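Colleague: Could you walk me through this model, one question at a time? I am new to it and would like to know where to look.

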Amino acid sequence: MRTTGRPGAGGTHMGRRDFLAMAGLGSASVLVSGCGFGGGGGGAPKGALRAAFGQPVTDLDPYNAATAVDEASLIVKRLVFDTLVRRQGDRLVPGLASGWERTNDTTWVFTLRRGARFHDGTPVTAADVAACLKRTRAVASAQTPLWASVTKAEARDDHTVVFTTDGPLGSLPVNLTLLFVVPAARVADPEQKRRPIGSGPFRVTGFTPSTSVELARFDDYWGGRSDLPGISMPYIAETSSAITALRTGDIDLLWPIPPDQLPEVTGVKGVTVEPVPSWTYYLNWFNCSRAPFTDANVRRAMCQAVNLPQIVDRLFGRGGQQMRAPIPATVAGYAAQEPWTYDPAAAKRLLAAAGLGRGFTTSMMWFDATGPLSRELAEAMISSWADIGVTVRPQSIEKAQWLERLNSLDWDMNLQTNTVTTGDAAFTVGRLYTSKAHRMGYKNPALDQLLARAAAAPSGSERDGLYGEACKIIWSDAVGLFPLTLVTGYGRSSRLTGFTPAPNNQPDLAAVRRR
Amino acid sequence: MGAFVAKRLGQAVIVAWGALTLVFIIVRVVPGDPAKLILGPDASADQLKHVRSDFGLDHPLWRQYLEHLGGVLHGDLGDSWRLGGSALGDTLERFPATLTLSLVALVLTILLGFPLGMLCARRPGKVLDLLVSTGSLVGQAVPSFWLGIVLILLFARELGWLPATADGSLAGVLLPAFTLALPFIGWLARLVRNGALEEGAKDYVRTARAKGVPEGLVQYVHVGRNIAVPVVTVLGLLMGNFIANAVIIEVVFSWPGIGSLMVDAITNRDYAVVEAAVLTMTVSYIALNLLVDVVYFALDPRLTPENA
């Protein structure tokens, strides 16, 4: 800036050089200020665990329908919120509830732990639990069928909550592993999406949707302080970036590692790979309400035409296990069935008997992001069906379009992954295969009755037996072709201890320590 | 100058309105029901109806459009049904990250492209000139997502020099910015080279050399200033390009900017966020163009709004 001698110039005048200098300065200041990007508030404390999951966290509201069973959200919710009951391996263990009992067929009494507090310092009470149940019942989500027969939850006193069901409900304790407890005043608070208040071992310090979640340890947690000062969960969309970040130590933990990427991290110094069969599996439903899949023999022919052992082995290797039931082998209620024998000649005979000796044309829809190698799996199966004269039009579509068509049964075959979120057959078999659910057009009154009996039965061999029978009906009626269970590959820094791989992709990160 | 800026602002409003209208139509024409994406496959018809009503999706399209325009005029682009808050607020919260990435890419392009162009101009047709010409074509032909992955494998995995993802550090910005800049470095170099060759043949350059001015000064001061106007034009457009191209780069490098937000919003039919992101990009593009126009006058005193 210089002073001009020009009459009437008023003292100062910005010359070209000044202008350019100012512009440069302005750009630099924008650059410098922009370096503090993040947008979602504060970060995790120094020394935080950096853990990257393969899907983005989009919101943290425990009652948001869109993310009710979304794995990425559930991972964070299990750190920020508490549930009355927790799953520890195959067992259900007390969480916020120190104990519970079933006083009669329709009444369950849960006793809350004393001393539990929310992140804002207020105590956790039975009234909060009752409000949370009311809220979750009011929201239509993938959890809705789990709570349909729970008529109410009442606070008998500050530390006792009574659940009443309209009939026997053996799966109530396992369902409660999905009821996240928040203060009653906040159950419908929009702020819960971004800065939720819970009573879990970590509190949210920063959240940029679909990008990162930053957590800091909650020192007043009733279960004791975690060894970790915090947890940072960046979302790394690009697989090669994520693998590189793990190899170079930019992140401490990465899961699930896609099957075709496992060799990239196996044997790398400082990285430990732990594979665990997950509760996530591929299914290929036949639309049983649409010809020719209304005929069970046509569906069976489709199952016999696919060489699943070869496809699973060649495509997924250690990353997949061929299924022998409509649910993964580690899920409660699983009963192994006789695998479909690969026999194209027998499949052709079945088609001929159904009047389709010359084959037919059909279609298969999926969206690529549904799971690893989905396109390759679809193409391999489509190729197998071509050998028996069945022409399948591949329809790789966008998720939004897929969902639209899925709901309206506007498809012939649907390939997708599915997760048994609770690790219990009730969640998948009991929810999806009833005639009322009408998810793939299959209607079988005998199965309906069986599933109703299974839902009412208390946990134990009787219940498992009933779900086992249901598995048999679904399998032998070929409601779908169930190719494989995905094996979750956990890649972690070898310096971490206390980490236990979880089949539901929701490991307990609070238990992790650094060596 | 005031009239000139006012005229350009008027044009900018028309362009922004056009972009808004186009995006409004496109996002609604694409198949996919936001209500079903919000509620998932287990929602009842009543609940879907309720959500559609909440977000005004049950109104006729013309009414939605008018309400949308009314909202825009009041600075309200609606709420994100996925993220919960104001769509414009979410977008602006992420915009500094995109701006940072684009500015660093621009700086890299200038720092590398300008001297490279000058060097090529000093020895036209020689090895460096041919390399830059070929490299410029290859650089622009290579898809940016592929280039990004290759650079990650090279600089992060093999050499370990830079982080593979955005980690909030200054080093974290280099790789994505370089990926964004690389295709345009050769492009700028060629522009500078051609300009320098053209200017180099003029009398004032010959005079400067005759007076014994060192060659470096001749090139970077005398010639450089005279080719600045076309270069600034290109840089203005480049900056707009970088902001737009950042959409893909941000996903590859997990960069927390407007691009990754937009991809997520498109996938999930979050109309308000898509519209807010496109509007932000459009306005920034227009603002850059306006800035370039103003900079012309600062660079070349012979230019006036009348003869520009």
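Colleague: How far apart are the end C-alpha atoms of residues 227-256 of chain B?

Modeller: This is a predicted model, in which local features need pLDDT of at least 70, side-chain atom pairs count only at pLDDT 80 or more, and totals for chains, interfaces and linings use all residues. Residues are numbered from 1 along each chain as its sequence is written, while chains are lettered from A and ligands numbered from 1 in the order in which they are written. The span 227-256 of chain B is 83% helix and 0% strand, with helices (H or I, at least four residues) and strands (E, at least two) being DSSP runs numbered from the N terminus. Its end C-alpha atoms lie apart by 36 Å.

Colleague: Which feature does UniProt place at those residues, 227-256 of chain B?

Modeller: The record is an unreviewed entry, and it gives the feature at several spans of chain B, including 130-156 and 227-256. UniProt positions are given in the numbering used here, feature names are shortened, and annotations may be inferred rather than shown by experiment. The name in the record is "transmembrane region".

Colleague: How many residues of chain B are in contact with chain A?

Modeller: Two residues are in contact if their C-beta atoms, placed from the backbone, lie within 7 Å. On the chain A side, 51 residues take part. Their partners in chain B number 49.

Colleague: Which helix gives the largest share of the side of chain A that touches chain B?

Modeller: In chain A, α1 (16-34), α6 (239-248) and α12 (399-407) each supply at least two residues of that side. The largest share is nine residues, and it comes from α1(A).

Colleague: Why is α6(A) called roughly parallel to α7(B)?

Modeller: Helix α7 of chain B covers residues 144-158, and its axis comes within 10 Å of that of α6(A). Axes are lines fitted to C-alpha atoms, for helices over the stretch in contact, and angles run from 0 to 180 degrees between N-to-C directions. Angles under 35 degrees count as roughly parallel, over 145 as roughly antiparallel, 65 to 115 as roughly perpendicular and the rest as oblique. The pair is roughly parallel because the axes cross at roughly 5°.

Colleague: Which helices do the buried residues of α15(A) pack against?

Modeller: A residue is buried if 20 or more other C-beta atoms lie within 10 Å of its own, exposed if 12 or fewer, and partly exposed in between. In α15(A), the buried residues include Leu466(A), Ala470(A) and Trp475(A). The buried residues of α15(A) pack against α13 (425-432) and α14 (445-456) of chain A.
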